Amino acid sequence: MLKKLTEPSIKSYLFIFLLSQLLLIAFLSSEKQQKTAQINQDVITRTNANIDTVLFSYNRMANIIFAEVINKPAITNIIEQAYQANELTRKKLRNDLYNTLSPTYRRLRNNGFRQLHFHFPDGKTFLRMHRPEKFNDPLFAFRPSVRIANTEKRNVAGFEEGRNFHAFRFVFPLLQDKTRNHVGSVEISVPFYSVQKALIRAYPAEYFFMLKKNVAN
């Protein structure tokens with residue numbers, strides 16, 4: 001004979017059923033959140049690896065250009081002479097350096113680089129290949145990479161803001177081959193839009209660059 005359920009019993013069963021459903025929903029929701037978080041983390045890890053790979057390629061190319069083309073007596077002699085020269089002689093030497101490196105700079109531009117920028121040991125600009133008419137401006141105050149390369153005489157690589165242009169910059173101290181006399185530095189840099197194009201070609205997806213407002217200011 002079936003036992004008739006009383007109203008309190010029905011309420012108890014209903015409570016247990018609802019509680020079990022809530023616990024099941026909470027478990028499934030927690031599992032979904034964990035899987036979503038893991039997927040997001042995997043995407044971030046993979047994207048960071050892709051960016052590092054592209055930047056490594058630009059870094060390696062910059063090092064090759066520096067070693068095979070720029071860090072040569074024909075170039076360092078011009079900069080050493082210009083640092084000690086008057087403005088008239090500097091103008092001639094600046095033109096000489098510009099004409100010597102124009103073919104190299106064109107190849108750099110074709111491969112995504114934007115700047116080939118030479119500095120004196122005191123941080124003042126000697127030659128911007130992209131703006132040869134602008135020179136003698138001091139850089140140490142707002143360009144740590146240039147300051148470090150010249151004061152600590154070591155290579156510096158990384159993202160850095162400038163007055164009008166931000167980029168991933170590779171800055172090298174320039175030393176005379178035999179005397180090891182420090183004559184200045186050179187920057188080879190690539191903007192984000194070049195990195196973005198390289199990323200899209202190698203790893204198709206959408207890539208955007210965000211910079212904190214206070215850094216840009």
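Predicted model: local features only at pLDDT ≥ 70, side-chain atom pairs only at ≥ 80, totals over all residues.
Local features here require pLDDT of at least 70 and side-chain atom pairs count only at pLDDT 80 or more, while totals for chains, interfaces and linings use all residues. Residues are numbered from 1 along each chain as its sequence is written, and side-chain values use heavy atoms, with hydrogens and water left out.

Reader: In what order do the elements of the chain run from the N terminus on?

Author: Helices (H or I, at least four residues) and strands (E, at least two) are DSSP runs, numbered from the N terminus. The chain holds six helices and five strands. From the N terminus on, their order is α-α-α-β-β-α-β-β-β-α-α.

Reader: What radius of gyration does the chain have, against that of a compact globule of 217 residues?

Author: The C-alpha trace spans about 115 × 35 × 30 Å along its principal axes. The radius of gyration is taken over C-alpha atoms, and the globule rule is 2.2 Å times the number of residues to the power 0.38. A compact globule of 217 residues would have a value near 17 Å, but the chain has 30 Å.

Reader: Is Arg143 buried or exposed, and with which side chain does the side chain of Arg143 make a polar contact?

Author: Arg143 lies in the loop between strand S2 (125-128) and helix H4 (144-151). Because its relative accessibility is 4%, Arg143 counts as buried. Its contacts (heavy atoms within 4.5 Å) include Glu161, Gly162, Arg169 and Glu187. A polar contact is a pair of N or O atoms within 3.5 Å, where within protein one must be able to donate a hydrogen and the other to accept it, and residues adjacent in sequence count only if both atoms are side-chain atoms; at 2.4 Å, the partner of Arg143 is the side chain of Glu160.

Reader: Why does the pair of Phe159 and Phe209 tie together parts that are 50 residues apart in sequence?

Author: Rings of Phe, Tyr and Trp (its six-membered ring) pair if their centres lie within 6.5 Å; planes under 30 degrees apart count as stacked, over 60 as edge-to-face and the rest as tilted. By this rule there are seven aromatic pairs. The rings of Phe159 and Phe209 have centres 5.2 Å apart and planes at 45 degrees, so the pair is tilted. The pair ties together these parts because Phe159 lies in strand S3, whereas Phe209 lies in the loop between helix H5 (192-202) and helix H6 (213-216).

Reader: Over which ring does the charged end of Arg94 sit?

Author: A charge sits over a ring if NZ of Lys or CZ of Arg is within 6 Å of the ring centre and within 35 degrees of the ring normal. Arg114 lies over the face of Phe165, 4.1 Å from the ring centre. For Arg94, the charged end is 3.6 Å from the ring centre of Phe135.

Terms used: Buried < 20%, exposed > 50% of the residue type's maximum accessible area, 1.4 Å probe, protein only. Lists of a residue's contacts leave out its neighbours within four places in sequence.
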